[in-house]
Each structure stands twice: as structure tokens, then as C-alpha cells.
Amino acid sequence: MRRFTKTTIAAVAALSLAAPALAEDTIKMGALATLEGAFTVLGEDSMRGVELALEEFEYTAGGKKIELITGSSDASPDSAIRAARKLVEQDGVQILVGPLSGSEGLAVKDYAKTQPEVTFVNGSSAAQDTTLRNPSDNFFRFSTEGAQWMAGLGEYVYNEKGYRNIAVLAEDYSFPYTQVFGFLEPFCRLGGKAPVDARFWVPIGNKDYSSVIAALPDDVDAIYVALGGADAVNFLTQYEQAGGDLPLIGGSITVDQTVLGSKGRTRDFIIGTPSAGPISDTWDDPRWSAFVEAYKAKFPDGFPSPSLFAHAYYINTKAALLALNEVDGDLSDGGVKLREALANLEFETPTGMVKLDERRQAVADIFLTEVIEGPDGNLLNKTIKVIPQVDQTFGLSYDDFLQYGQVSRENPSCE
Amino acid sequence: MDARRLLSGNFSFADLHPGVLLVIVFLLAYPGFASDFFVFQIGAYTLILGTIALSLMMLGGYGGMVSLAQLTVAGLAGYLVAIVGTNSVGVMGLGWPWWITVPFAILAAAVFSALIGAISVRTEGIYTIMITLAIAVAFFYFVRQNYVVFNGFTGFAGIEPPTLFGVYWRDPVPFYYLSLTVAGGFYAAVLYASRSTFGLSLQAIRDNPRRMRALGYDVTLHRVFAYFLAGLIAGTAGVLMVWFNGRISPGSVGVDIVIDILVIAVVGGMRHPIGPFLGALVFVLLQNFAIDLIDRERFNTVIGLAFLLVVLFSPDGLLGLWQRVRPKLRFARTARYEAGRAEERDRQGAGPLEQT
């Protein structure tokens, strides 16, 4: 009898110890991307990036299992907040990776301030102010933003191409503003001109560019085009049909694979277009090739090569997993140690080393590219130069950089 | 329940259906047992969307005018709160105190709604839908391209409800009760108005405008006034909506959300003011949890299918479904009851029991 009691007590004790231990063996990670609306295809590729990183770690970090919970937005800030709130407050994720687009990022950063116990890691959102002005202590961005992506392009077209006067055509929202700012700032500092009345802002999803094409000034050397996806294809087709012959300069998503892969005669005249961005499809480096191979093997029905969205989500997810490893998956202090580890994290990505500045914004390599015709007739982005370790403030001090003011349609004025 | 008895003094709580009492008690006690997420994002958001859809139900159900611009009216109120109140974007933000901002926004929205009414009342059916959809789309593009007043694509952020009586009104529980008060108030008001002289004439106009005109009623004025009242409802919900989100941008008044409101009203049912709230509850639950039911690439299919099924099996929405099921349930109960008494009844030679 006594033995029986003893065994029972021992068993109960063991169980009561085991039960909470079991519960803490998993860490909940949320991933938020645009799985509906205009950016669905991009959101799906983002999720591939998240899965690729988790697969690499076999869904374990710091000795604990990672449980992935996905959330979806439609690229509007309202929907991003709703999805984030559901993941954090209902599903109880301790780490949230996302969102995808610029305005969503600004909204999620504000939401992060109300949830100090949760660690937020960016997805691919690239608005400048997410980390530049009023950053949140628990929001980390291991991907670079729209102005950083333009690093080196302004200098390149001024010095190598010899362009002096430039017209600008871009979509009318925060991300293209950031890109135009990043491109024009060094270009104009060197002495280039891009007067405000030669800048054309079109709504997203614009179909008819004839009025813009008619209004383009004749006395410019080139047009800087920051349009994405279908908008870029529409403009290029119509510009070619209108007999346009000015050279182009591309934003980061203007001459990516989705545009270069399109059919038609536009292909001939975009050859030679310089651009810059966080990735380069044809970068001849073992780290990048290994990443592309892994992506292709895991997702045969994905893009021919990972998009910059898959790349950004991959890097950010991987950062979170590496930091979890460092703290042995210990989140019992509300993630304080994890965030400390994240802030000091420095690691090797498919596109070189990444580290964070004091506002938790990535400092990373940027690729200067130019469109060429590949050996099999496909258009490719050839890597011209890798600009090492670009920071958010272009090498200036934080206070000096703030003097430039917020990105907008008129910034920089460049007269 | 006859709403007018409430005012004539003959009302007593005993008249309330026990189910209604149960719902009221449940709604009041809800924050006591639900998590903050369920109180705020499910509860309060359902009440806000339901209130906007209520304004559509009132126009469509009682007035026969399906207006797609109700979300636009709510959106205008939300924008005005950001423009004449305070925001953190640095554009506009005149800094008026909340007790001017809120009534101003609601009244302006109601006037805007009346204007929409004045433009569209001479049309019928599908043409009303088209003209109000055109207004909604025009408003969306206008706010997206106007930078001076509406701040274009970015819109406004950092819009805060006032802190009153030491309560911060965006905290989940106070905000829930605020939304419940607004939603409950408008629900009762619509129910009451539907039995008032105005409501009855509006329904008569819906059924036969020519006869009403011949009887000497000003059909146009009645309809425009109905738009004004619907604007008050939608405008108030719009103020709550902007406090809920803390921000407003063209995406908040986009065409997809305009359609969402129509879906909520249709799925819920246009016959009774409770319909929009049922529809909103189903909509919000699906919007939040469909992604957990199925793999993430197809969750919108689940949402679509659910709505399709409701509309397919019940053109009157969830409300119609309930009204169709209820007599059957009652019939089954009565049938059992009658079977037991059939013998006795036959013996007494009484006629068939009168159906109630």
C-alpha cells in the first residue's frame, strides 16, 4: 500500500512537472503577408521565403519547436493591423514576421509599441520612416529599405552614363517617394537636375500613359521610372509604341523578372537600363547560387528565381531563428534577451553580411545592375557592382540626415 | 414587440421574448468572459460594421433603395475626424476639441448622405446601385489623389478617441461598451422608426410610389430624408471606425470594402434590423478565422463559398434561413403535441386547433 502511494505521488509529481515543460517546448511564430488583393503573388513568394528559412532550421530553434501561424492582409494598413492583432492577441505568437508593403510596415510599427512583450521582425516593407523616425524598440528590420536600395545608382548614371537632366515617372505613394529620394539625393548633390515639374506621379494600377508620354520634356537625357509589375509593362509598351527613344533608369521593382519576362518588343529598348536593389538574379556568388538552388528545389512552381520579397522574408525569419538559438529559446522574460540578441546579431545572408544600426535597421550590401541580353535570348540583370554595407543615413550622422526632411514628391527639390 | 407600446407606457419587460432578454444579458456580460481580442476585434468591430450595414438595411429594406455609398458616408465622417481633429501626420489636423469634431463629422456625413440621396432618388433598382457605386468609386479616387486636404495615398494616422471621465476609450472594454451603446441605440431607433408614421410611409413608398404620390405624399422628400437618417447612422459608425483603426486612408473606403458592407447586409438579411448584425458577426468571424480552417492560399474561397451557400439556400440571408427553419421546428413540436391530443379532440368533436 505504502509503495503504491509513493508511486502515485511520484507519478503525479512527474506529470505536474512535465506538463508545463511540454507547453513551453514550442515557440509560436507568426508570419504576415499579403495573401489577398493586388499583391497576392508577392505575398505567396514571401511565405516561400519564411518556409525556406524554417526548413533550414528544421522548424527548431534554441532546442524548441517552432509553430508557424500565418496571417493575411490585403496591403492596406487597416487589414495589416487586424491580422497582426489576431496573431498576437488571439493566437499568442511571441515573434511576428511581416508585413510586406511600406504603409503596412508603418502601421505595424505603431502597433508594436502597444505590445512590448512581443518581438516584431520586418517582412519586406521598405518605407523609410518605419525605422528612421519614431522607431519602436521591439521592431527589427534585417532587410534594407527603398532609399538604401538606390545606393550608387545616382552616382553611376551621373559619372558613367553622363546624364545631367532627368525626368521622373513613379507611382504616387510612399515606397516610390522613398526610391526617388534615394536616387535623386546623390544625383542632385553631384550637380544633376530633375526639376519638380518634370516629375510625373501616377496612381497604382494606371493603364493609360499617353498623357504622361506626351508631357515628357524633350531636353532630358533619361527617364527614371519607378513603377511595379503591370504598371511597368504598360508604360514600357506604350512608350515604345509612341516612338520614345530616351534611355531609362529603373527603380528596384521596375526591371525585375516579372517585367523582363514579358513578351513583346519592349525588350529591345530596355537593354542597358541601369537599376539597383537588394538582390541581383545573376550574382555570381556561391552564397546566392546556393539560395537560388534551395528555392528552386523546394518550390518548383515558384518564380524562376526568388523575388526580393522571398529574400527579405527569408533574411528576417532567419535572423529571428538565429537569435532564438543564441538565447536557447528562452522567452520567459517577455523576450528581453531575445531582442538584445537580435540587436547585436550579425550574420551571413545569401547577399552578404547584415547587421543592424542603433535604430534596428539593417546595414547590408546593395547591387547595382544593368539589363543585358543573356546567351539564350532572355533578358537578365547583370551585376555591375556590389556597394558594400549601405546604411540608412548614407553615411551621414542621424541628425544630419534628418535635415533632408521626410520623403515626398518634392524632396529633394533638385533645381 | 410593438415599439410604440414602449412609448405609450404599456411596455413591460414581461413582453420581451426570453430569447431577446438572453441576448441582451449576453451582450452586456460578454467582456466579462471574453479575451481582449474577442471583445475588441470581434465584438466591437462586428458592432461597427453591423451599424454601417444597418444604415444600408434601413435604406434598402424599408426604402427599397440599395445604396452602395454607405461606407463612403462613414469614411467621410472618419476623414473629417482626422482633418478637423488631431492626427500625427502633419497634414491638416485643425485641432478642434472632440465635442465639436464628432458632431460636426456626423452631421457633415449625414448632409453628404442626403446629397447622395438627392442625386440618386429619381432612379430605381439597379440604377440606384450603379449611381451610388459611382459615387463611392469617385470618392475613393478623389481622396487618393487629393494631397492638400485628404493627404492622398498615405491618409491619416494617429487618430485618438478622447480620454473622458478618466477612461481611455480605445481600451477594449470601454470601446466595446461605446460601440454597443451606439449600435443598440440605432437598432432600437430603426426598429421604432419603422413603425412610425415616417417609416410606414417610407415602406408604402417602397411598395408603390405612384399611389403614394397620388395620395399627396412627397416621395422625393421622404427618400432624401431617409438618406439623411441613414447618414447619421453611418456617420456615427464611421467615427467609431476611425477610432477603432486609429488611422484612415483610401484603402479604408475602397471598392472592396464598399462591397463587403453590401455582402454583410445581404448575408444577414434585409428584412429586419437584426440582420446586418448577424451578417457582420459571420463576416468578422470568417475574416479572422477562415485562414485557420484551410491552407492559407485558399481561405478566401471558404469565405466566398460560405456566403454563396447562405444566399443560395436563402435569398433573404441568415434571417430568412431562421424564418424558414422556425416554422418547421414549431411544426414538429406541435405535431407531437397534437398527436397526443388527437384522440381526445376527436372525441369532443372539436375543430382543428387554430394555428398561431
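**Figure 1. Helices α4 and α11 of chain B pack against each other in the predicted model.** Helix α4(B) covers residues 70-84 and helix α11(B) covers residues 255-268. Their axes lie 8 Å apart, and the angle between them is about 120 degrees. Angles over 145 degrees count as roughly antiparallel and those of 65 to 115 as roughly perpendicular, with the rest oblique; α4(B) and α11(B) are therefore oblique to each other. On the α4(B) side the contact is made by B:Gln70, B:Leu71 and B:Thr72. B:Ile257, B:Val258 and B:Ile261 make it on the α11(B) side. Sorted by class, this contact has 4 nonpolar and 2 polar residues, and no charged ones.

**Figure 2. B:Val282 sits in helix α12 of chain B.** The helix runs over residues 274-293. Around B:Val282 there are 21 other C-beta atoms within 10 Å. A residue is buried if that count is 20 or more, so B:Val282 is buried. Leaving aside residues up to four places away in sequence, B:Val282 touches B:Val267 and B:Leu318. B:Ala306 is 24 residues from B:Val282 in sequence, and the distance between the two in space is 9.4 Å, C-alpha to C-alpha. For the setting of this view, chain B as a whole has 14 helices and 4 strands. Of its 356 residues, 44% are buried. Among the contacts in chain B with a separation of 6 or more, 75% are between residues 24 or more positions apart.

**Figure 3. Helices α13 and α14 of chain A cross.** Helix α13(A) is formed by residues 308-326 and helix α14(A) by residues 336-344. The two axes come within 9 Å and cross at roughly 120 degrees. That angle makes α13(A) oblique to α14(A). The crossing of α13(A) past α14(A) is right-handed. From α13(A), the contact takes A:Ala319, A:Ala323, A:Leu324 and A:Glu326. From α14(A), the residues are A:Leu338, A:Ala341 and A:Leu342. This contact of α13(A) with α14(A) is made up of 6 nonpolar residues and 1 charged residue, with no polar ones.

**Figure 4. Domain 1 and domain 2 of chain A meet in a contact.** Each domain is built from two stretches of the chain: 11-144 and 284-365 for domain 1, and 148-277 and 374-402 for domain 2. The centres of the two domains, taken over C-alpha atoms, are separated by 30 Å. Domain 1 gives 18 residues to the contact and domain 2 gives 16 residues. On the domain 1 side, the elements that supply two or more residues are α4 (102-112) and β14 (362-373) of chain A. β14(A) gives the most to this side, with 3 residues. The domain 1 side has 8 nonpolar, 8 polar and 2 charged residues.

**Figure 5. Chain A touches chain B.** The contact takes 22 residues from chain A and 19 residues from chain B. On the chain A side, two or more residues come from each of β3 (64-72), α3 (77-90) and α4 of chain A. α3(A) provides the largest share of this side, 8 residues. By class, the chain A side divides into 6 nonpolar, 7 polar and 9 charged residues.

Definitions and conventions: Residues numbered from 1 in each chain as written. Chains lettered and ligands numbered in written order. Predicted model: local features only at pLDDT ≥ 70, side-chain atom pairs only at ≥ 80, totals over all residues. Buried ≥ 20, exposed ≤ 12 C-beta atoms within 10 Å, placed from the backbone. Contact = placed C-beta atoms within 7 Å. Domains from an automatic or database assignment. Nonpolar A, V, L, I, M, F, W, Y, C, P; charged D, E, K, R; others polar. Axes fitted to C-alpha atoms, helices over the stretch in contact; angles between N-to-C directions. Parallel < 35°, antiparallel > 145°, perpendicular 65-115°, else oblique. Left-handed = near helix turned anticlockwise from the far one by under 90°.
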